[in-house]
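Open your viewer and load the model. This tour tells you what to select next and what you will find there.

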Amino acid sequence: MENAKSIGTSMSPTTTLEEDNNGKSVDETMYRGMIGSLLCLTASRPDIVLCVCKCARFQSAPKESHLTGVKRIIRYLIGTSELGLWYAHSKNFVLKSFSDADFAGDKIDRKSTSGTCQLLGNALISWHIKKQNCIALSTTEAEYLAVGSCCIQVLWIMHQFLDYDLSLTSTPIF
């Protein structure tokens with residue numbers, strides 16, 4: 001795909017990846033290798049996390065339609081190679097967190113997908129996207145589960161700062 005034409009989005013908003021029992025199978029080893037490489041890249045490119053995770057769900061029996069989705073992500077990366085995370089020098093240590101969820105976004109099992117991100121000042125320090133473990137019965141319930149996941153991450157981050165601050169003090173705290 002060295003000479004592939006770039007594309008502006010990593011996944012079309014109208015595209016839904018589904019099990020494709022009638023589709024033509026592709027080489028599982030090649031597909032898994034492509035997914036593995038893209039998963040490594042998500043450490044510095046949070047903009048592709050959702051679409052890579054959607055494609056990763058079909059590693060056991062990939063079809064041509066799934067491979068087309070992976071190739072679209074690669075075409076998007078070709079056109080956006082200058083994008084990435086930038087951490088400017090700052091003394092702003094305000095922790096901000098955001099969460100969102102869709103309601104029954106997965107067409108196969110009707111589970112919702114949650115996404116969260118945490119910023120320290122203006123620097124993105126943590127993010128994740130995950131299909132929820134249970135089936136939400138409403139948009140409110142899906143959002144509530146997303147906020148809960150977000151709070152868990154915020155508490156973990158705050159605990160890390162607390163441990164770090166305590167290790168700097170020379171006076172024992174009892």
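**Stop 1: The packed helices**

Start with helix 3, whose buried residues are covered by parts that include helix 1 and helix 2. Keep in mind that this is a predicted model.

Select residues 64–79 to see helix 3. Which of its residues are buried? They are His 66, Leu 67, Gly 69, Val 70, Ile 73, Tyr 76 and Leu 77. Now check the length of helix 3. Its 16 residues should span 22 Å at 1.5 Å a residue. The end C-alpha atoms are 23 Å apart, which agrees.

Next, select residues 28–41. This is helix 1, with 14 residues. From its first C-alpha to its last, helix 1 reaches 20 Å, close to the 20 Å expected at 1.5 Å a residue. Show the side chains of Tyr 31, Met 34, Ile 35 and Leu 38, which are buried in helix 1. Why do these residues lie on the same side of helix 1? They cover an arc of only 95° around the axis, which puts them there. Turn to the other side of helix 1, and you find Thr 29 and Cys 40 exposed.

**Stop 2**

Three of them form an open sheet, in the order 1-2-3, with antiparallel pairing. Strand 1 is residues 95–101 and strand 3 is residues 123–131. Both stand at the edges with a single partner strand each, so one side of each has no neighbour in the sheet. From one strand to the next, the twist averages 10°.

Select strand 2, residues 113–120.

Look at the pairing of strand 1 with strand 2. How many bridges join them? There are seven, and the two strands run antiparallel. Ala 101 stands opposite Ser 114 in strand 2. Ser 97 stands opposite Gln 118, also in strand 2.

Move across to strand 3. Strand 2 pairs with strand 3 over eight bridges, again in the antiparallel sense. Ser 114 comes up here too, opposite Lys 130 in strand 3. Then follow the chain from strand 2 into strand 3. The two form a hairpin, with two residues between them. Pick Gly 121 in the turn: its phi is positive, about 70°.

As you turn the sheet, keep one general point in mind. In a regular strand, side chains alternate between the two faces of the sheet.

**Stop 2: Asp 106**

Select Asp 106 in the loop between strand 1 and strand 2. Is Asp 106 buried or exposed? Asp 106 is buried, with a relative accessible area of 8%. Show what lies around it. Leaving aside neighbours within four places in sequence, Asp 106 is in contact with Arg 57, Lys 111 and Lys 131. Leu 17 and Asp 106 are 89 residues apart in sequence, and their C-alpha atoms are 9.0 Å apart in space.

**Stop 3: Val 154**

Jump to helix 4, residues 139–168, and find Val 154 there. At 16% relative accessibility, Val 154 counts as buried. Which residues does Val 154 touch? Not counting residues up to four places away in sequence, they are Leu 95, Ser 97 and Gln 118. Now find Met 11. Met 11 and Val 154 are 143 residues apart along the chain, and 29 Å separates their C-alpha atoms.

**Stop 4: The cysteines**

Finish with the cysteines. How many disulfides does the structure hold? The number is zero. Select Cys 51, which is in no disulfide. Its nearest cysteine sulfur belongs to Cys 55, 6.6 Å away. Cys 51 is buried, at 4% relative accessible area. Then select Cys 134, also in no disulfide. Here the nearest cysteine sulfur, that of Cys 151, is 16 Å away. Cys 134 counts as partly exposed, at 33% relative accessibility.

How values were computed: Residues are numbered from 1 along each chain as its sequence is written. This is a predicted model: local features need pLDDT of at least 70, side-chain atom pairs count only at pLDDT 80 or more; totals for chains, interfaces and linings use all residues. Side-chain values use heavy atoms; hydrogens and water are left out. Two strands pair if DSSP finds at least two bridges between them. Helices (H or I, at least four residues) and strands (E, at least two) are DSSP runs, numbered from the N terminus. Axes are lines fitted to C-alpha atoms, for helices over the stretch in contact, and angles run from 0 to 180 degrees between N-to-C directions. The expected span of a helix is 1.5 Å times one less than its number of residues. Buried means under 20% relative accessible area, exposed over 50%, partly exposed in between (1.4 Å probe, protein chains only). The arc is that of the directions from the helix axis to the C-beta atoms. Contact means heavy atoms within 4.5 Å. A disulfide is a pair of cysteine sulfur atoms within 2.5 Å.
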